[in-house]
Amino acid sequence: MTDTDLQQLLAEFSGGREPGKSDFNASRMFSLLEDPFSIWCSFHAPQEEAVAEFNRYETLKVRTDRRSRDEWIKQEFPTVVFISGETETDRFKNTLTAMAAGKDAIANAALWNLPESVYGNVNLLVKKTDLSGRFGPFYYEIYQFKRAHDLKEHYALQVCLLNRILGQIQQVTPVHTRVHLKGHFIEVPYEKHRERLERELTFWQTIRDGKAKPEAHKPPKAASAPWRVYANKIVAQSKDLLMLPGLNTEMRQCLKINGMFNTDDVAHAGLAKLQGILEEPHATNSFYNAQAYLHNKPVLREAGHFPPPEKKYNLYFDFEATETFTKDNVSFVYLIGIWDKEENKYVSFVAKTPQEELQIFEQFYNYVKDFAHTALYHWTEYEVKKMKKLAAANPSSAAHLNALCGICYDLKVAVSKAFYLPAPSFSLKAAAPAFGFNWRQDDCGAMDSMVYFTNWLKTGNDELLQKVLMYNEDDCKAMLDLEDKLKSAEVLRISTDGKII
């Protein structure tokens, strides 16, 4: 292929421009399937409402994945060509040049079809010689690498889109793409997913062109960054039906068909009308949750579950677990944090390695002064399940771990059985802020803490560990704060017609 031919090919698939906002990047397939409202925001929301949120976990994961992937590629394909370029156009041009030259393997390739508004990046193109294509008696197949055990739906559609673009460029559409997962690979047939791919791309176009407005998710993660803050705000301010726990899209649509478009409408409808629209327990739950929003107070669901039975010693605890970001990907509990109510202090036990995990559980056990008169409070069943799993795998530690489990008390269960809350869910991150609790750091969540911990191990910078400890301390204190607020709150009893009893 001559230089002139390459320039013509570049012009054909670039349309004389680089990828822009109006083009669909194959890497956004997850957002299209799982968070289409964030895509709508990128086109139609006020751009000044965007709030950048740096995802440290994803950044570190991508960097680690790239390093491991490139090592594997170099080992399996010693003559591989890695594509680079000062501009995006250079990268696409260099990809076409490598394909035209018939290179055996091409890594970090760029594939465009901008006249059709699609583009994306490919981890690896591997040369095959059983068919002839545009560039000669050969063509290329896609190898894509994913950090997962199973093939996700968005992975399949993503690689099929890339496969379609590749087929248009080389005039041979491979029968399948090869996706490398953890420990194995899978071949994804193009024809199996072709029709679904077309439907999703059409859906994206309707969002881009303002012909469709997808629903957001429930706060506090109504959309992904940079639109999370904006989406949370408009969902709450509009009293959207998304604020009601437990309703799916179809249920919300049924309410809208019957003239209920926000939580106030549901609160004023009366339980009898809702029971004619929704099945139980959704009708009752929605009615009383809406009452909690209307009065901005907890509504009593059932007496006797709250407050928890207070003991002489009351400890509120939370675990942080992490991946090591290595090829082995070992996960372990690296931090046990406790808010000691009687001592009014935060206590933490830290494990630097998986081998130290059981040691911090032994420290946890030893911290408990009197098992007969101590309660361990947690939120969700994760902590107890983790300790039981460790006990089953480590018989020598089982007695102490099971003893800890024996005095655990799930506050989420107690609260959810006792109240309807003015909150979109019973997650701690939703329930505690509904009563005024705020985490002190905007830049350290559960996933961020993994990265801070990993970087602390590498650098020894104690400021990183302190951020993790502060985040964990706030998790522990949020439970006690919510418990105290519910103990002192005016709890309403509401009749089925919405009257305060």
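Student: How many helices and strands does the chain have?
Tutor: This is a predicted model. Both element types occur in the chain. The count is 19 helices and 14 strands.

Student: What share of the residues of the chain count as buried?
Tutor: A residue is buried when its relative accessible area is under 20%. The chain has 501 residues. The share that passes is 50%.

Student: Which residues touch the most other members of the largest nonpolar core?
Tutor: In soluble globular proteins, nonpolar side chains tend to be buried together. Here the largest nonpolar core holds 82 residues. Helix α6 (residues 153-170) gives the largest share of this core, 9 residues. The residues with the most contacts to other members are L125, L161 and I169.

Student: Which residues is I169 in contact with, leaving aside its neighbours within four places in sequence?
Tutor: Contact here means heavy atoms within 4.5 Å. With those neighbours set aside, a list of partners remains for I169. They are L9, F13, F92, L96, M99, L111, W112, R134 and F135.

Student: How many residues are in the other core, which lies apart?
Tutor: Among its members are F319, F361, C405 and A418. This other core has 65 residues.

Student: In which sense do strands β6 and β7 pair?
Tutor: Strand β6 covers residues 176-181 and strand β7 covers residues 184-189. They form a hairpin with 2 residues between them. L181 stands opposite H184 in β7. Over 6 bridges, the sense is antiparallel.

Student: Which residue in the turn has a positive phi?
Tutor: The turn belongs to the hairpin of β6 and β7. The phi is about 85°, and the residue is G183.

Notes
Residues are numbered from 1 along each chain as its sequence is written. This is a predicted model: local features need pLDDT of at least 70, side-chain atom pairs count only at pLDDT 80 or more; totals for chains, interfaces and linings use all residues. Side-chain values use heavy atoms; hydrogens and water are left out. Two strands pair if DSSP finds at least two bridges between them. Helices (H or I, at least four residues) and strands (E, at least two) are DSSP runs, numbered from the N terminus. A nonpolar core is a set of buried Ala, Val, Leu, Ile, Met, Phe, Trp, Tyr and Cys residues joined through side-chain atoms within 4.5 Å. Buried means under 20% relative accessible area, exposed over 50%, partly exposed in between (1.4 Å probe, protein chains only).
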